[in-house]
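Here is a friendly walk through a protein fold. Have the viewer open and follow along, section by section.

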Amino acid sequence: KPGHPNELPKNEIANWSDPEVQKANGRWSPAAKTLMEINALQEVGRNQANEVVDAAAAEGAPRLCIMNPNLILGPQLAPGAISGNSLPWMVAILKGQRMNDKIPNDSMSTIDVRDLAALNVACAETPGASGRYFGISGAWRWEEILTALNKAYPEFKVPPRFEGEAAIATQFDFSRRESLGVPMRTLQETCDDLVAFFKTRGAL
């Protein structure tokens, strides 16, 4: 939600984006996602805090788990050309075609696609799992992400650093995600595997 201080950890139950604010800012896809989550919970008789508020709707309703990822990285399962949104963008960054002017003084939450898949499986296989879960391993300053990419692919030249003090990366309360028992890969492990994958597909 706009105005939420980065140093104050977010949790899935209390921290929701406002779809009206998202629409007012022209962020139609995120607004649609938020509204889909709200409506899906209502269909199974629950509110945004995952509390049962409609016993009739909740009775016999399927157990609903919602996974919220952000930037998904890692090897692509599909054969052929690299596709999607995040992977072609990362190739462009590694080739110096994007984000080459200056390191953004901002952060990005990421997850390895294999960990995200494991979280979804854990939700399906854990009888008590229900409601929203952060589908991310953590939030990293772009300076950290680009440094990890450089370590994985030394040919990539990290752009000049921004001026001034580094912004605080968004903080998250991962207690709900951790209750699913899925270990997360480190940022460096994901970047190493991502570069290796790009090389196998001839992208680097």
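## The sheet

Strand 2 and strand 3 (residues 107–112) run parallel and pair over three bridges. Strands here are DSSP E runs of at least two residues, helices are H or I runs of at least four residues, and both are numbered from the N terminus; two strands pair if DSSP finds at least two bridges between them. This is a predicted model, in which local features need pLDDT of at least 70 and side-chain atom pairs count only at pLDDT 80 or more, while totals for chains, interfaces and linings use all residues. Residues are numbered from 1 along each chain as its sequence is written, and side-chain values use heavy atoms, with hydrogens and water left out.

The open sheet has three strands in the order 2-3-5, with mixed pairing. Strand 2 and strand 5 (138–141) are at the edges with a single partner strand each, so one side of each has no neighbour in the sheet. From one strand to the next, the twist averages 45 degrees. Within the sheet, Leu73 stands opposite Asp112 in strand 3. Helix 5 (residues 113–125) packs on the sheet and touches strand 2 and strand 3, where contact means heavy atoms within 4.5 Å. The direction of helix 5 makes about 65 degrees with that of strand 3.

## The middle strand

Buried means under 20% relative accessible area, exposed means over 50%, and partly exposed is in between, using a 1.4 Å probe and protein chains only.

In a regular strand, side chains alternate between the two faces of the sheet. In strand 3, one side carries Ser107, Ser109 and Ile111, the other carries Met108, Thr110 and Asp112, and all of these are buried.

The axes of helix 4 and helix 6 come within 11 Å and cross at roughly 75 degrees. Axes are lines fitted to C-alpha atoms, for helices over the stretch in contact, and angles run from 0 to 180 degrees between N-to-C directions. Helix 4 and helix 6 are therefore roughly perpendicular to each other; the classes are roughly parallel under 35 degrees, roughly antiparallel over 145, roughly perpendicular from 65 to 115, and oblique for the rest. Here Trp89, Met90, Ile93 and Leu94 of helix 4 meet Trp142, Leu146 and Leu149 of helix 6. The residues of this contact are seven nonpolar, no polar and no charged. Nonpolar covers Ala, Val, Leu, Ile, Met, Phe, Trp, Tyr, Cys and Pro, charged covers Asp, Glu, Lys and Arg, and the others, Gly among them, are polar.

Helix 4 also packs with helix 8, at an angle of about 90 degrees and with the axes 11 Å apart. Helix 4 and helix 8 are therefore roughly perpendicular too. Leu87, Met90, Val91 and Leu94 of helix 4 make the contact with Leu194, Val195, Phe197 and Phe198 of helix 8. The residues of the contact of helix 4 with helix 8 are eight nonpolar, no polar and no charged.

## The nonpolar cores

In soluble globular proteins, nonpolar side chains tend to be buried together. A nonpolar core is a set of buried Ala, Val, Leu, Ile, Met, Phe, Trp, Tyr and Cys residues joined through side-chain atoms within 4.5 Å. Which members of the largest core touch the most other members? They are Trp142, Leu146, Leu149 and Phe198, out of 26 residues. Strand 2 (71–73), helix 4 (86–94), helix 6 (142–152) and helix 8 (187–200) each supply at least two residues of this core.

Leaving aside residues up to four places away in sequence, Leu146 touches Ile93, Met99, Ile103, Phe156, Val158 and Pro159. Apart from this core lies another of 10 residues, including Met67, Leu119, Ala122 and Tyr133.

## Loop residues to look at

Most residues other than glycine have a negative phi. Asn50, in the loop between helix 2 (28–43) and helix 3 (55–58), has a positive phi of about 65 degrees. Asn50 is buried, with a relative accessible area of 14%. Met99, in the loop between helix 4 and strand 3, also has a positive phi, near 50 degrees.

Pro154 lies in the loop between helix 6 and helix 7 (175–178) and counts as exposed, at 52% relative accessibility.

## The whole chain

The protein chain has eight helices and five strands. Of its 204 residues, 38% count as buried. The C-alpha atoms fill a box of roughly 60 × 40 × 30 Å along the principal axes.
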